[in-house]
Amino acid sequence: MTENTRILLRRQCEGLPEVEDFEVSSGPMPEPADGQLLCETIYVSLDPYLRGKISGRHMSGNILPGELMVSEAISRVVQSNHPDYAAGDIISGFTGWQEYSAIDADTVRRIDPSLAPLSTFLGILGMPGLTAYAGLLRLGEPKAGDTVLVSAASGAVGSLVGQIAKIKGCRTVGIAGAPEKCAWVTDVAGFDDVVSYRNTDLRAELDRACPDGVDVYFDNVGGDMLQAVMERLALGARVVLCGLMAQYNEDGMPPGPNPAWTIKARATVRGMVVYDHEDLRAKMVEDVSGWLADGKVHYLEDRAEGLAEAPAAFTRLMRGQNVGKAVVVVGSE
Ligand SMILES: NC(=O)c1ccc[n+]([C@@H]2O[C@H](COP(=O)([O-])OP(=O)(O)OC[C@H]3O[C@@H](n4cnc5c(N)ncnc54)[C@H](OP(=O)(O)O)[C@@H]3O)[C@@H](O)[C@H]2O)c1
């Protein structure tokens, strides 16, 4: 334990991120101050919002060239300078793309490893899980029998939205890209139907899968996909605007869907920000870990092995080439 490998942002990304936008750096082991924990990283989370931080337009703050890539990670406490934690505890915190970190104990969350596999606390039991749970149940207000449609349906957020909707008695339809993602969405995650937007007429496919229109649309993509769904809203529909995969790599803001569709369906459109729903986290972990144990919920992970692979894995995520929650395996459990 003499050196700490870290991944820094080397330069601003232009459009799609490239591996060369990042650099590996080696530094001394961090020294934990009073109230801090020295942590050894096990899993690093890769999430689309990091692209917004690099562009300087995410509400959680920026990452500037030369700075450590900061994201959430699951770590083991190696040394504790705080009375509430001991060596061996498992925590999640914003420790970033590095092997070791020193972090204030009052900014981390304790993980119960007996509940579920550790990496799920970055996916369906973590921030993406809370996004799906709160976004669907609190903002989407699904009712039994509703047709619930969700884009990026094989990802951590989208897959859980569909599976919770199914548990609540809804008819669930996912939108996904590659054939293996589409197959997983119906065959493993148990969605009633899936719409592929690759090499197909998206609007015709939506008409086929949602013949009575869409009661709840959970939108992870924006762009023309959002426009196409808005044209098919059922009366009184709820639209949860959650993500903008179609535009994170763009400089400007494209024009949005015409408000005529919202008016025609008397729809409610709500913006989702996960930070507003922290009060639901404990209930989410209780419910989702229970459904996971009962086999009612499944998840997919896209694992990269080794910290040095984090940049390549991130470039794949921002191209939509990840198959499931993107995590980097940094250390052993
Ligand atoms: N509002 C909030 O508080 C909040 C919190 C967490 C996450 N989010 C958002 O939720 C969404 C899903 O997040 P996640 O972590 O679960 O990611 P994810 O679904 O694992 O990965 C993103 C997926 O988006 C799809 N996609 C569709 N169009 C794309 C395009 N033009 N470029 C790239 N990918 C495209 C791809 O799947 P297909 O190939 O199957 O389409 C890709 O795999 C993201 O938009 C994220 O920003 C929002």
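The model is a predicted one, in which local features need pLDDT of at least 70, side-chain atom pairs count only at pLDDT 80 or more, and totals for chains, interfaces and linings use all residues. Residues are numbered from 1 along each chain as its sequence is written.

**View A. Packing of α5 on α6.** Helix α5 covers residues 202-209 and helix α6 residues 223-230; helices are DSSP runs (H or I, at least four residues) numbered from the N terminus. The two pack at an angle of about 40°, with axes 10 Å apart. Axes are lines fitted to C-alpha atoms over the stretch in contact, and angles run from 0 to 180 degrees between N-to-C directions. The crossing of α5 over α6 is right-handed, meaning that the near helix is turned clockwise from the far one by less than a right angle. Leu202, Arg203 and Leu206 of α5 meet Met225, Ala228 and Val229 of α6, where contact means C-beta atoms, placed from the backbone, within 7 Å. Five of these residues are nonpolar, none polar and one charged. Ala, Val, Leu, Ile, Met, Phe, Trp, Tyr, Cys and Pro count as nonpolar, Asp, Glu, Lys and Arg as charged, and the others, Gly among them, as polar.

**View B. Packing of α2 on α3.** α2 and α3 pack at about 45°, with axes 8 Å apart, and are therefore oblique to each other. Their crossing is right-handed. Contact residues include Pro128, Tyr133 and Leu137 of α2 and Val157, Leu160 and Ile164 of α3. By class, this contact has eleven nonpolar, three polar and no charged residues.

**View C. Surroundings of the ligand.** The ligand is surrounded by 31 residues, the closest being Gly155, Gly177, Gly243, Val274 and Gly320; a residue is near if its C-beta atom, placed from the backbone, lies within 6 Å. The shell holds 18 nonpolar, nine polar and four charged residues. α2 (127-140) and α3 (156-167) each supply at least two of its residues. Domain 1 and domain 2 each give at least three.

**View D. Contact between the domains.** Domain 1 spans 3-123 + 300-329 and domain 2 spans 127-276, with bounds from an automatic or database domain assignment. Their centres, taken over C-alpha atoms, are 28 Å apart. In the contact, 13 residues of domain 1 touch 15 of domain 2. The domain 1 side has five nonpolar, five polar and three charged residues.

How values were computed
Contact = placed C-beta atoms within 7 Å. Parallel < 35°, antiparallel > 145°, perpendicular 65-115°, else oblique.
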